[in-house]
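Hi everyone, thanks for making time this morning. Let me put the structure up on the screen, and then I'll walk you through a few parts of it.

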Amino acid sequence: MLGFFLRLLPFWVREPLLIVIGSVIGLRLLHIAVLEKEWAPAGIGAVFLLLAAVSIHRVVRAVRARRGASAGAAEAGLPGQPQPVAARSAAPPVPPAAPAPPKEIHAGVQVFAAFAVFGVLAASVWLGPRLLPPEGDGTPRAAACPSEEDAKGEKTPDAYKKADVATGADLCEALNTPDLAGLLGTPGEIATTASGDNGTAALTGGKVARPVAEVRFDTYTVNVSVTYNKLSMDQYVKLMEFGNETDVRKSTVLDRSAVFFSQPTMAIEIDLGGGTGGPVTDGPLARNLAVALDGKDRGGYCEVTVWSDAGTLPDDNALLDIAETVLPAIPERAA
């Protein structure tokens, strides 16, 4: 389709167009190849430059042919040897002169006009993104929590019908604050993803609410969950004796019982070659802080978890600061 369109264009428009397009795209691809040190863009760019060179050769030949034709016509009209004079006779009546044909535009003018038009177009394509102002103030925007419109159509479990139960959206809004990166010790980072989910605790038949929110940065990932069961902090610590938790340390947060502990994340190996994949293994350690939902520790807890793909962990004070930020958004457990 493009070839058919180009064949319909006049020669003095089509060839300059091919020269401009071939030169701009070819030079751009060569520039990308130099920056990224890849050979594929360089080869494609060389092809475009070759096509532009072929078109330049055609234009040069056409200009020379026109100049030769003009010179031959001028020589035919010059006075040479004397021509025989015909006998005078009565001049026949002169027919009315036909209207003169429109003057043909000089080839050089056509070439210049075509180059000017397509040069402006090429410059617009090349420099447009650099000259246009960025959207907004140009500052990268942090990921936002899902809106209520995004959650439409999702059925909320019956466990969330109680008035003192927070939702995943509540946790996400409380967690995803502009100060979160600073609390983690990486103030220059922005959140890449933010999510909230209204789930339920395992093995409870959907009767125990367990909302979850997660905010991910380039360095750390922060996960906050609330489990509305009847497990106190003392009972939770006793269960740790049967688990693989390490570095267990009791603490208090906002006058509530709390406990720090470390636990490995899960690493799942995916085989893209058609196999079944590897087994689930332990990944990098995650640091956790579990806090009772009320000062009297009547059951249920909020858990803050932080981990990184590199295995590095922030100071425990970072988890304390995050818990103090999120807990006010979670209603205290009713008596």
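This is a predicted model: local features need pLDDT of at least 70, side-chain atom pairs count only at pLDDT 80 or more; totals for chains, interfaces and linings use all residues.

Let's begin with strand S3, residues 221-227. How many of its residues are buried? The count is 7 of 7. Both faces are covered, with Thr 221, Asn 223, Ser 225 and Thr 227 on one side, and Val 222, Val 224 and Val 226 on the other.

Now for the partners of S3. S2 runs antiparallel to S3, joined to it by 5 bridges, and a hairpin of 4 residues links the two. Within that pairing, Arg 216 sits opposite Thr 221. S7 is also antiparallel to S3, this time with 7 bridges, and Val 224 has Val 304 as its bridge partner there.

On to the largest nonpolar core, which has 40 residues. Leu 289, Ile 322 and Ile 330 touch the most other members. Several elements supply at least two residues each, including S2, S3, S5 and S7, while H8 gives the most, with 5. If you click on Ile 322, you'll find contacts beyond its sequence neighbours to Val 222, Val 304 and Val 306, among others.

My last stop is Ser 262, in strand S5. Is Ser 262 buried or exposed? Its relative accessible area is 6%, which is under the 20% cut-off, so Ser 262 counts as buried. Its side chain makes a polar contact with the side chain of Arg 287, at 2.8 Å.

Methods. Residues are numbered from 1 along each chain as its sequence is written. Side-chain values use heavy atoms; hydrogens and water are left out. Buried means under 20% relative accessible area, exposed over 50%, partly exposed in between (1.4 Å probe, protein chains only). A polar contact is a pair of N or O atoms within 3.5 Å; within protein, one must be able to donate a hydrogen and the other to accept it, and residues adjacent in sequence count only if both atoms are side-chain atoms. A nonpolar core is a set of buried Ala, Val, Leu, Ile, Met, Phe, Trp, Tyr and Cys residues joined through side-chain atoms within 4.5 Å. Contact means heavy atoms within 4.5 Å. Two strands pair if DSSP finds at least two bridges between them. Lists of a residue's contacts leave out its neighbours within four places in sequence.
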